[in-house]
Amino acid sequence: MKLYDGGKAPNPRRVRIFLAEKGVDVPLEPVDMGALGHKSDAVTKRNPLQRLPVLELGDGTCISESVAICRYFEALYPQPNLMGKTPLDVAIIEMWERRCEHHFLAPVAQAFRHTHPAMATWEVPQVAEWGEANRPKALDFIRLLDSELAGRDFIAGDHYSIADITATVATDFMKPARIAIPDDVPNFTRWYEAMKARPSYGA
């Protein structure tokens with residue numbers, strides 16, 4: 001088993017943090033995305049969408065998509081639980097994971113991909129107006145999270161979950177996307193500082 005990893009890119013980080021929280025060590029195959037290594041034949045034959053990360057199992061089976069990889073490891077190593085135990089817990093975590101992915105990470109990514117000069121050759125066509133339109137969407141979701149976090153320490157309930165991982169990575173990705181965390185979100189800021197203090201944050 002090995003994990004084709006894309007370094008600082010958000011989706012590879014999501015999986016590495018998930019594995020670190022599980023205490024699971026998987027050999028990494030570093031891929032230099034800056035040099036377009038994700039478009040290499042080695043990656044393409046394992047994931048025709050040319051996206052990272054990709055988990056290759058011992059029998060040659062390849063799993064891509066971050067949440068799919070995390071689900072595989074959640075099934076193998078159910079403790080600590082990061083994706084829910086009871087049917088209700090599973091549904092609540094899935095709800096918040098999808099919200100964080102679609103309404104937070106995705107807008108931040110679109111802002112980055114469509115406005116950052118370094119992405120001009122990656123995102124063709126690069127549509128600056130679309131990138132700018134996504135900035136307020138990310139900020140609106142942060143304010144929603146701020147109101148939710150007024151009554152709890154974690155995004156999806158009373159314990160750390162994959163939703164916290166996705167939101168943490170999205171928050172970190174705001175810096176290269178040139179989106180500043182608002183000053184009027186104290187609960188969100190408290191949550192983010194707690195996430196950065198976790199040992200898994202540096203994975």
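Q: How many strands does the open sheet have, and in what order do they lie?
A: Strands of a sheet pair through backbone hydrogen bonds, in either a parallel or an antiparallel way. In this predicted model, four strands form an open sheet in the order 2-1-3-4, and the pairing is mixed. Strand 2 (28–30) and strand 4 (62–64) are the edge strands, each pairing on one side only. From one strand to the next, the twist averages 25°.

Q: Which way do strand 1 and strand 3 run, parallel or antiparallel?
A: Strand 1 (residues 2–5) and strand 3 (residues 54–56) run antiparallel and are joined by three bridges. Within this pairing, L55 of strand 3 stands opposite L3.

Q: Which strands does helix 3 lie across?
A: Helix 3 (residues 66–76) lies across strand 1, strand 3 and strand 4, and runs at about 125° to strand 4.

Q: Which residues of helix 3 are buried?
A: The general idea comes from helix geometry. An α-helix has 3.6 residues a turn, so residues three or four places apart point the same way. In helix 3 the buried residues are S66, V67, I69, C70, F73 and E74. They cover an arc of only 155° around the axis, which puts them on the same side of helix 3.

Q: What do the buried residues of helix 3 pack against?
A: Their partners include the sheet elements strand 1, strand 3 and strand 4. Helices also take part: helix 1 (10–22), helix 4 (87–115) and helix 6 (162–173).

Q: How many salt bridges does the structure hold?
A: A salt bridge is counted when a side-chain nitrogen of Lys or Arg is within 4 Å of a carboxyl oxygen of Asp or Glu. The structure holds 15 salt bridges. One of the cases is E29 with K2, at 3.9 Å from N to O. E29 lies in strand 2 and K2 in strand 1, so the pair ties together parts that are 27 residues apart in sequence. E29 is partly exposed at 32% relative accessible area, and K2 is partly exposed at 27%.

Q: Where do R143 and D184 lie?
A: R143 is in helix 5 (residues 128–148), and D184 is in the loop between helix 6 and helix 7, 41 residues apart. Their side chains meet in a salt bridge of 3.4 Å, N to O. R143 is partly exposed at 37% relative accessible area, and D184 is partly exposed at 47%.

Q: Which residues are linked in a network of salt bridges?
A: R14, E97 and E101 are linked in such a network.

Methods:
Residues numbered from 1 in each chain as written. Predicted model: local features only at pLDDT ≥ 70, side-chain atom pairs only at ≥ 80, totals over all residues. Heavy atoms only, no water. Pairing = 2+ DSSP bridges. Helix = DSSP H or I, 4+ residues; strand = E, 2+ residues; numbered from the N terminus. Axes fitted to C-alpha atoms, helices over the stretch in contact; angles between N-to-C directions. Contact = heavy atoms within 4.5 Å. Buried < 20%, exposed > 50% of the residue type's maximum accessible area, 1.4 Å probe, protein only. Arc of directions from axis to C-beta.
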